[in-house]
Amino acid sequence: MTDTLAPFTPPTVPQERRIVTAIPGPKSLALHARRLAVVPVGVSSALPVYIARAHGAIVIDVDGNQFIDLGAGIGVTTIGHTNDAVVAAAAEQLGELTHAAFTITPYEGYVRVAELLAEHTPGAHAKKTVLQNSGAEAVENGVKIARKFTGKNGVAVLDHAYHGRTNLTMAMTFKAMPYALGFGPFAGDIYRAPNSYPFHDGLSGPDAAKRTIAYLEKVVGAADLACLIVEPIQGEGGFQVPASGYLPALQEWCTANGVVFIADEIQSGMARTGAYFASEHFGVVPDLVLSAKGIAGGLPLAAITGRAEIMDAAHPGGLGGTFGGNPVSAAAAIAVFEQIESQGLLAEAKRIENILKPALLELQKKYDVIGDVRGIGAMNAIELVLPGTHEPNAAAVASIAAYAGQNGVILLTAGTYGNVLRFLPSLAISDDLLREALAILDEALAAL
Ligand code: PLZ
């Protein structure tokens with residue numbers, strides 16, 4: 001064993017699109033054949049090109065194809081793939097302390113992440129944070145804490161919500177296929193209420209909130225509700241941006257009725273929308289904020305951050321987990337916060353919106369399959385319809401996503417009806433790469 005580590009030099013990844021084989025290429029096809037023998041079909045891949053490395057906004061597959069990544073690993077590598085500062089912080093931490101189990105012997109990184117979240121989540125009140133490994137675990141723990149604090153059981157969620165794949169979170173997620181079908185029995189005491197979906201319901205924020213609240217009061221009643229959990233901008237469900245005034249009205253009702261108001265910011269948070277958390281755009285200060293995905297630049301980490309008095313409701317030993325707040329993930333998260341500040345990354349989300357939004361609105365004028373353009377910052381989407389209607393057009397979405405993949409652009413779909421294309425590029429994407437990807441989208445629309 002040597003006592004010094006060789007300095008780690010990340011491989012260079014030119015920030016350009018380059019397709020050199022059929023998609024998938026021969027090496028990807030060979031890997032796919034191996035995978036089919038040992039990985040169950042339940043785990044599927046939208047674009048089965050096998051990725052070798054990535055940096056910034058470009059991923060390279062094993063055949064040497066370079067893709068413009070508009071998905072960022074489902075909104076995870078928000079500050080860019082293999083961000084240098086994240087890689088350096090994680091590499092250094094890996095050699096110092098890889099694991100200790102915070103519930104056995106604590107370490108500073110966990111505490112520092114909690115301090116940073118207290119500072120950057122909405123509201124100036126005293127806050128505390130529990131760290132976990134995945135978004136679904138953050139949701140699970142948010143619900144646990146809200147139940148313990150209120151002494152109540154009911155959990156309210158919204159139509160089109162996505163909260164995860166564990167038993168509780170499957171029950172909280174709207175879309176049964178593929179997330180829940182056949183995987184029951186499911187957790188009880190979950191109540192689903194209509195959301196605000198301006199393109200389809202045409203309701204003002206206050207009217208949509210009135211409908212949500214009336215529903216919750218009738219089907220369960222605030223006296224039995226521990227929490228209401230909302231995604232400020234819905235993710236998997238289709239990037240629904242609620243009408244103005246909707247979320248504040250829900251929050252007000254929660255506060256007046258002893259219901260913990262939880263923002264699932266797992267997809268919308270951590271600089272994605274040009275604010276640390278999307279709640280800020282809507283003027284709400286959630287009791288609990290859930291983060292994951294973008295928080296650690298690609299390493300697994302999730303957090304439940306909330307009002308100190310709510311977070312302290314759980315008794316000592318009531319919260320935890322072996323890996324939660326792992327030192328390497330925590331070091332990466334600290335680097336992510338540092339990068340957001342030092343590189344002014346919140347403004348980068350706005351820069352992306354300023355290119356994406358007008359371009360998508362132009363495409364909407366050109367192609368009548370685009371029913372709606374919506375989103376904030378680097379979290380935008382188009383909803384595809386049968387022309388002249390509000391009926392979902394999943395076939396068009398599938399064919400556009402496939403065309404994009406064939407032409408070197410990773411483009412994610414979403415939506416309860418599979419008829420939404422979402423744009424979640426990393427904040428590191430250049431104007432030129434973004435415009436190039438939009439040109440491919442234009443071609444894909446023309447080819448329909
Ligand atoms: N809440 C708002 O977006 C994860 C799911 C990908 P985990 N979304 C991507 C898939 O097909 O499994 C998500 C989310 C919101 C919770 C979650 C769950 O986060 O880290 O996937 O558990």
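# Briefing on a two-domain predicted model

The axes of helix 9 (residues 205-219) and helix 10 (residues 246-256) come within 8 Å of each other, crossing at roughly 35 degrees. This is a predicted model, and its protein chain is divided into domain 1 (26-69 + 344-446) and domain 2 (86-342). The points below take up the domains, the helix pairs, the nonpolar cores and several individual residues.

**Domains**

- The centres of domain 1 and domain 2, taken over C-alpha atoms, are separated by 25 Å.
- Where the two domains meet, 28 residues of domain 1 are in contact with 29 residues of domain 2.

**Helix 9 with helix 10**

- The crossing of this pair is right-handed.
- On the helix 9 side the contact is made by Gly205, Ala208, Ala209, Thr212, Ile213, Leu216 and Glu217, which meet Tyr246, Ala249, Leu250 and Trp253 in helix 10.
- Sorted by class, the residues of this contact are eight nonpolar, two polar and one charged.

**Helix 4 with helix 13**

- Helix 4 (residues 108-120) packs against helix 13 (residues 327-342) at an angle of about 35 degrees, and their axes are 8 Å apart.
- Here the crossing is left-handed.
- Helix 4 contributes Gly109, Tyr110, Arg112, Val113, Leu116, Leu117 and His120, while helix 13 contributes Ala330, Ala333, Ile334, Phe337 and Glu341.
- The contact of helix 4 with helix 13 consists of eight nonpolar, two polar and two charged residues.

**Nonpolar cores**

- The largest nonpolar core has 88 residues, and within this core Leu421 and Leu441 touch the most other members.
- Helix 16 (residues 431-446) supplies the largest share of this core, with eight residues.
- Both domains take part in this core, since at least three residues are drawn from each of domain 1 (26-69 + 344-446) and domain 2 (86-342).
- Leaving aside residues up to four places away in sequence, Leu421 touches Asn380, Ala381, Ile382, Leu384, Val397, Ile400, Ala401, Leu411, Leu412, Thr413 and Leu441.
- Another core, of 38 residues, lies apart from the largest one, and Ala193, Ala209, Val230 and Val241 are among its members.

- Glu140 is placed in helix 5 (residues 135-150), and with a relative accessible area of 24% Glu140 is partly exposed, because partly exposed covers values between the 20% limit for buried and the 50% limit for exposed.
- Residues up to four places away in sequence being left out, Glu140 touches Thr166, Asn167, Leu168 and Thr169.
- Glu140 and Thr169 are 29 residues apart along the chain, and their C-alpha atoms are separated by 7.0 Å.

**Cis peptide bonds**

- Met177 and Pro178 are joined by a cis peptide bond, with omega about 10 degrees, and Pro178 lies in helix 7 (residues 176-179).
- The peptide bond from Gly184 to Pro185 is also cis, with omega near 5 degrees, and Pro185 is placed in the loop between helix 7 and strand 6 (190-193).

- Thr82, a residue other than glycine, has a positive phi near 40 degrees; Thr82 is found in the loop between helix 2 (72-75) and helix 3 (84-96), and is partly exposed, with a relative accessible area of 36%.
- Lys293, likewise a residue other than glycine, has a positive phi near 30 degrees, and is found in the loop between strand 9 (288-291) and strand 10 (302-307).

Key
Residues numbered from 1 in each chain as written. Predicted model: local features only at pLDDT ≥ 70, side-chain atom pairs only at ≥ 80, totals over all residues. Heavy atoms only, no water. Axes fitted to C-alpha atoms, helices over the stretch in contact; angles between N-to-C directions. Helix = DSSP H or I, 4+ residues; strand = E, 2+ residues; numbered from the N terminus. Left-handed = near helix turned anticlockwise from the far one by under 90°. Contact = heavy atoms within 4.5 Å. Nonpolar A, V, L, I, M, F, W, Y, C, P; charged D, E, K, R; others polar. Core = buried A, V, L, I, M, F, W, Y, C linked by side-chain atoms within 4.5 Å. Buried < 20%, exposed > 50% of the residue type's maximum accessible area, 1.4 Å probe, protein only. Domains from an automatic or database assignment.
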